[in-house]
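I opened my notebook to log what I looked up in this one. Here are my entries, in the order I made them.

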Amino acid sequence: MGVNEQTTPEAPEPKTESHDPAVPAAYAAFMRTGWGERTLDLPVHPVADYAEARRATLAATFPGERLVLPAGTFKVRSNDTDYRFRSDTAHTYFCGNQTSDAVLVIEDGDSVLYARPRAARDTDEFFRDRQYGELWAGRRPSLQEISDSLGLEVRHIADLPSFGDDRKTRDLTTDADLARVASELRLIKDEWEVAELQEACDITTLGFEDSVREWERVREFGERWIEGTFFRRARAMGNDIGYDSIVGGGSHATTLHWTENTGPITPGSLVLLDMGVEGRNLYTADVTRTLPVDGTFTPLQRDLYDLVFAAQQSGIEAVRPGAPILGAHHAAMEVLAHGLSDLGLLPVSAEESLDPESKLYARWTLHGTSHMLGMDVHDCGRASADVYPKGDLVEGMVLTVEPGLYFQEDDLLVPEELRGIGIRIEDDLLVTADGYRNLSAALPRTSSAVEEWMGSLSG
């Protein structure tokens, strides 16, 4: 472990813009003098030991091969402005690093992190570079600081070899097998990860509570206010939101990924809130609640909500070790199909609609009920389909259970009073030895509990 003791490579030309002021030689020379030392106090990262074991497991899966896992770099938002950087999930999972322009290399049982550190004060980069300069973008950690925090050898990114030799090299960005294994290793969460996910769910609960406490402002400014309120909580206590918040008032709730969040919050209607906080170590919650704008469900809204709740509860009860991953979906759809039949909407019997060759019920349910959750909101997405979603649940997996009913406002096959109503209830479930634990249980789920909760917060 430690830092590679090579001479710091020559700094590249600073990233500047045409409207930046000129930098005369005298000014540049003056800027390179008279600076004291400023250190970062980076504690030992709590994931260091876990990450070391993860790297060993990954290396053992590909003996004799070189594994390359990049962190990624900045992405342009508009012209000369970038999106806030978020490191690649697999890269961070296997080393803990969250700085941009870094590459983890695992070879012959050894791991080296190639990283872009703080700029030396004998270059223009630290005071001129808009993307990496300390005076523009903040102090990046040194190689030694990264090494001490993460517990592995760190070298300058400029020293990253080209890997042009004959040895087998697998790059995560191009190698499907490496991406698959990296996904599958994340399927089962260790105790540290579970704690991170629980924290993300707890902060998410606070974000939902913040939104309801500001219900009068929500009525005034609509969906945008909830989006902004939740984001404030996510940034205050976490890293970010785990995905673009879905705030669907009225008929917007029937659009599964409504992220424009530009509509009003109208009395007498429902609002669907699908939101999750990403914690500072990049684990995210994913929770949905559907709330009555007036604080009380109408009889029709309550009947539909209770049907979705019954479906979700049936799906939750299907979560246990050894059960099919798809079991929660099938259990929830069984309830919804029969509920749709009771409403007189199905042109065939509930059982006929549930036939895989039919699925007519899905006109009003649309999506799957569960997905894996972790550092990505749709976690482990490169896993083999035989493992996920077609495999069985294992203790330590974390998945969502989120059935919904959606009646489009232009659907002529449903009564007019149903059109424009969308309801989804979603929770995050940890598979335990004896069944499950609901990580997001702090947010109420039953219709009566939702009403009581809203009343206690909104006054």
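Is Thr369 buried or exposed? I looked it up: Thr369 counts as buried, because its relative accessibility is 1%. (Buried means under 20% relative accessible area, exposed over 50% and partly exposed in between, using a 1.4 Å probe and protein chains only.)

**Ground rules.** I'm working with a predicted model, where local features need pLDDT of at least 70 and side-chain atom pairs count only at pLDDT 80 or more, while totals for chains, interfaces and linings use all residues. Residues are numbered from 1 along each chain as its sequence is written, and side-chain values use heavy atoms, with hydrogens and water left out.

**More on Thr369.** I found Thr369 in the loop between H13 and strand E13 (398–401). (Helices are DSSP runs of H or I with at least four residues, strands are runs of E with at least two, and both are numbered from the N terminus.) Which residues does Thr369 touch, leaving out those up to four places away in sequence? I noted Ala328, His329, Ala332, Met333, Thr400, Val401, Glu402 and Pro403. (Contact means heavy atoms within 4.5 Å.) With His329 there is also a side-chain polar contact of 2.9 Å. (That is a pair of N or O atoms within 3.5 Å; within protein, one must be able to donate a hydrogen and the other to accept it, and residues adjacent in sequence count only if both atoms are side-chain atoms.)

**Two exposed spots.** Gly344 sits in the loop between helix H12 (327–342) and helix H13 (350–354), and its relative accessible area of 61% makes it exposed. Its C-alpha lies 9.8 Å from that of Pro415, 71 residues apart along the chain. Glu452 is in helix H14 (residues 447–458), and it is exposed too, with a relative accessible area of 61%. I also checked Glu452 against Thr296: they are 156 residues apart along the chain, with C-alpha atoms separated by 8.8 Å.

**Whole protein.** I counted 14 helices and 17 strands. Of the 459 residues, 53% count as buried. The C-alpha trace spans about 80 × 50 × 35 Å along its principal axes.
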